[in-house]
Amino acid sequence: MECGRVLVGARPRPALSPVPGPRPFGGISYPDPAEQRLVHTATEIMVRDCMRATGHDYQPVPAADLTRVSAANPYALLDTAHAHADGYGIVGEALSGSSGSPPNPNKAALAQLSKPDREKWEVALTGTPRHRRTVELSDGGKIMFNTDGCLHTARRSLLGDDWDRLSAQAESNTNQVIARVTEAATVKSAVTDWSSCMKKAGYEYADLQGPRGDIADRWQAATTSETRKSVAQFELAVAKADSRCEESVRLADVVRSAQEQAEAELTTPGVTADHDALRKAWTSAKAHAATIAGA
């Protein structure tokens, strides 16, 4: 292990709580990462059992590490505690090696199968177009999924018959709120004030995503331990200035107010009923998952 990597990696992986600040509809589309891991693990066990029942071997796929993804604020807001502990999480995530999907433990075994056997395995897992269901969402978007594969069977058994629609609709509702908030005149004005504050601190960014893109580019270009250490230090410095500027222009309060307005405009009895049903399904799934994973 090279010394430079030890220096850069010396920043410990924090136990991250969500960044304080507004999340659409009480964070309905942002479950706790530990809960997500539990439900994923139980689902994969059920997929394994379903595949075995059809005569196919299947190894459960590990859950991705969603710690930083879940902690991040959907409006790219940042608070002082997270800025000091983890910056934007870009360098920390890169050093942790946990970004992206984990390796599929079935890959090697699948490679050994003949093409016909591999196709049978995939059909058993994902189903067939003949049993495909299409659901239209309120924003005009559509989701499609096969209903005759083990993936869907396990998901339906654990999360309920209407889970795919409910979760997709909640995500659509969430994205619609975020879009409206981002385009709100009050939010744009506050971001302009934030940008001016950042410029005074020595950093020129037009919007909240600017620092993240800049740091990601710098990290990609860093090829030595010294340049990586420099990017890590730069990330923390920028993040600290970012959080101070957000606080000085009361950005979180402005976003929260705009979110309340957007939610009021988008909320209907149907939306409320769907969100209640989704929360109920998730609560039931967690209890069932704990039993499955524990066994």
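The model is predicted: local features need pLDDT of at least 70, side-chain atom pairs count only at pLDDT 80 or more, and totals for chains, interfaces and linings use all residues. Residues are numbered from 1 along each chain as its sequence is written, and side-chain values use heavy atoms, with hydrogens and water left out.

**Helix α7**
- Helices are DSSP runs (H or I, at least four residues), numbered from the N terminus.
- Helix α7 has twelve residues (115-126) and should span 16 Å at 1.5 Å a residue, which agrees with the 16 Å between its end C-alpha atoms; the expected span is 1.5 Å times one less than the number of residues.
- Trp-121, Ala-124 and Leu-125 are the buried residues of α7 (under 20% relative accessible area, 1.4 Å probe, protein chains only).
- They lie on the same side of α7, because their arc around the axis is only 100 degrees (taken from the directions from the helix axis to the C-beta atoms).
- Lys-115 and Lys-120 are exposed (over 50%) on the face turned away from the buried side.
- Just after α7, Gly-127 has a positive phi of about 85 degrees.

**Aromatic pairs**
- The structure holds three aromatic pairs (ring centres of Phe, Tyr or the six-membered ring of Trp within 6.5 Å; planes under 30 degrees apart are stacked, over 60 edge-to-face, the rest tilted).
- One of them is the stacked pair of Tyr-58 and Trp-121, at 6.0 Å centre to centre and 25 degrees between the planes.
- This pair joins the loop between α2 and α3 to helix α7, across 63 residues.
- The rings of Tyr-203 and Phe-234 are edge-to-face, because their planes are at 75 degrees, with centres 5.9 Å apart.
- Tyr-203 and Phe-234 are both buried.

Key: Helix = DSSP H or I, 4+ residues; strand = E, 2+ residues; numbered from the N terminus.
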